[in-house]
Amino acid sequence: CERGPLNGVLNSVFRLNALNGVGRADYTIQDMRPDVDRPLFSSVFNDWTVPLEIVSGEIQVQGRYRWWRTATGLPRENLSADVQLQNIGGHYEGMLFSGLTYQDSIELLPQFRSRGDAARLSIADIDIGIAISDFASGLRFLPSPLGPLPLLKVDELQMRLLDGMLTGERL
C-alpha cells in the first residue's frame, strides 16, 4: 500500500486590522477520516516517532486563533479549539483501542486548559493483552505550574475488566 494524503475539509477565515495589529483566524476541520493506509499522525506530521496512531473514526475540530495588543502595547494571543472525536480506533505502543468518543472545548494558548466542565471520554474496547470494555471517564485539562503541558484531572473512571467493574474518583 502507498500512503496518500489524509482526506478532510479545512475551512479558514482570516480577519486582520494591520493598523492596530489585531486579527483572528477561524478554522474548521471536517470529515477527517484516517484509515490504515492514511493514519492520522503519520500523515499530518513528518517523521512521526511517537508510538501512538489513529487509524479509524471521524475527527472534527473548530477553533479560533486571535492576536492583539494590550492597552500598554504588550502582544497577546489566544488559540482555542472545540474537538469532537467519533468512533476512533488506533494503537498506543502494544495497546489497541476502538470505539473512542470524546468531545471537549480547550484553550491551547496562552495556557493549555479545558474551557468548560469536564469532558466525557468513552472507549468501547481496549486490548492490552486482557480485554477491557466500556471504559468511561470525565477529563479536564488544568494549567500546570511545572510548564506548558497541562495536568489531567480524571473523574468518574469506570471500566469492565475480568468479569468485574473497576471504578475510581478524583485521579
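W48 is partly exposed, because its relative accessibility is 26%; the class lies between buried (under 20% relative accessible area) and exposed (over 50%), with a 1.4 Å probe and protein chains only. The model is predicted: local features need pLDDT of at least 70, side-chain atom pairs count only at pLDDT 80 or more, and totals for chains, interfaces and linings use all residues. Residues are numbered from 1 along each chain as its sequence is written, and side-chain values use heavy atoms, without hydrogens and water.

The structure holds five aromatic pairs. Rings of Phe, Tyr and Trp (its six-membered ring) pair if their centres lie within 6.5 Å; planes under 30 degrees apart count as stacked, over 60 as edge-to-face and the rest as tilted. F41 and F45 are stacked, because their ring centres lie 6.5 Å apart and their planes meet at 20 degrees. F45 also stacks with W48, at 5.4 Å centre to centre and 25 degrees between the planes. F41 is buried, at 16% relative accessibility. F45 is partly exposed, at 42%.

The protein chain has one helix and ten strands. These are DSSP runs: helices are H or I of at least four residues, strands E of at least two, numbered from the N terminus. The order from the N terminus is β-β-α-β-β-β-β-β-β-β-β. The C-alpha atoms fill a box of roughly 65 × 45 × 25 Å along the principal axes. Of the 171 residues in the protein chain, 29% are buried.
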